Amino acid sequence: MEDGRCLRTLSGHTGHVTGLAVGPDGTLCSSSKDQTVRVWSGIEYSHLKTFIGHSAAVWCVQATRGDLVFSGSEDATVKVWKRGATPNACIRSLKGHVNTVRHLALSPDHTALYSGSDDATINVWSVSDFSLMRKFDCVCRVTDLVVGIDGSLVVSCGVFQIRRGSDGQVLHEIGGNYPLCLAPGPGNTVLSGERLDGFALGMWSTQTGALRDTIPGTIPWGVAGDDVAVCALACGPDGKVYTGGFGDDYIHVW
């Protein structure tokens, strides 16, 4: 990444790529509206396998420290795959939602999987036996969710909430904010992509719910409409923050 050159373009999907996840062995998993999940070598960038089994668009994917891959779909299921399995069959279909599964997140110890859905619920699944352990109700459809390094569950669902990951209890509800995207931040923080006057990126404490830092927006909200929204967000291990969809078609590094 030193000079920003694209190393390789991976082609194979026939629909929009909706999600990416990197496994512990460096393999890359991608989900797509073409109803498939693909697995790619992180060294040679070659296509390793394709998981076929969903009946609608696949919106999200997660890879565990083991050999498991989870995918969430518009068909309201979470499917479980094994990267090293032959044939490439789904080993379990998790049913507990009644609408599109938009987001998946793993607990820090990779023992629990959280699935957020348009049905305004978050399901918590056991990674070991795939049982449904808990269900948390939300006030609106889940537009994003992440798990902090302290195990807190941060949810954007019509409101901005920090919940206890173990039982879903709302610890902090941050008024006036409806993040379009979330990402784990450094330490016990979470980053939120906003579309409000004043700032476009917020850093919040997962322990107190307090706003720790902001990055001002470059275009006042209302001048360029929705285009000013931060709709893609990531934080690197070096503390650098990457934002996309900032109203100027660029990726910004902070």
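The legends below describe close-up views of a predicted model.

**View 1. Strand 19 and strand 20 are paired in the antiparallel sense.** Strand 19 comprises residues 201-205, and four bridges make up its pairing with strand 20. Within this part of the model, L201 is placed opposite I215, a residue of strand 20.

**View 2. T27 is a buried residue in a loop.** The loop that holds T27 runs between strand 1 (17-22) and strand 2 (28-32). T27 has a relative accessible area of 10%, which lies under the 20% limit, and therefore counts as buried. Its side chain makes a polar contact with the side chain of R83, at 3.4 Å. When neighbours within four places in sequence are left aside, the residues in contact with T27 are A21, V22, V39, W40, G42, L48 and R83.

**View 3. I162 is a buried residue of strand 15.** Strand 15 spans residues 160-163, and the relative accessible area computed for I162 is 0%. Leaving aside neighbours within four places in sequence, I162 is in contact with a set of residues that includes S152, L153 and V154, as well as Q169, V170, L171, H172 and I174, and also S205, T206 and G209. The C-alpha atom of I162 is separated by 9.7 Å from that of G148, a residue 14 positions away along the chain.

**View 4. Q35 and H110 are loop residues with a positive phi.** Most residues other than glycine have a negative phi. In Q35, by contrast, phi is positive, with a value near 75°; this residue lies in the loop between strand 2 and strand 3, the latter covering residues 36-40. Q35 is partly exposed, with a relative accessible area of 32%. In H110, phi is likewise positive, with a value near 60°, and the residue is placed in the loop between strand 9 (101-106) and strand 10 (112-117).

Notes: Residues numbered from 1 in each chain as written. Predicted model: local features only at pLDDT ≥ 70, side-chain atom pairs only at ≥ 80, totals over all residues. Heavy atoms only, no water. Pairing = 2+ DSSP bridges. Helix = DSSP H or I, 4+ residues; strand = E, 2+ residues; numbered from the N terminus. Buried < 20%, exposed > 50% of the residue type's maximum accessible area, 1.4 Å probe, protein only. Polar contact = N/O pair within 3.5 Å; in protein donor to acceptor, adjacent residues only side chain to side chain. Contact = heavy atoms within 4.5 Å.
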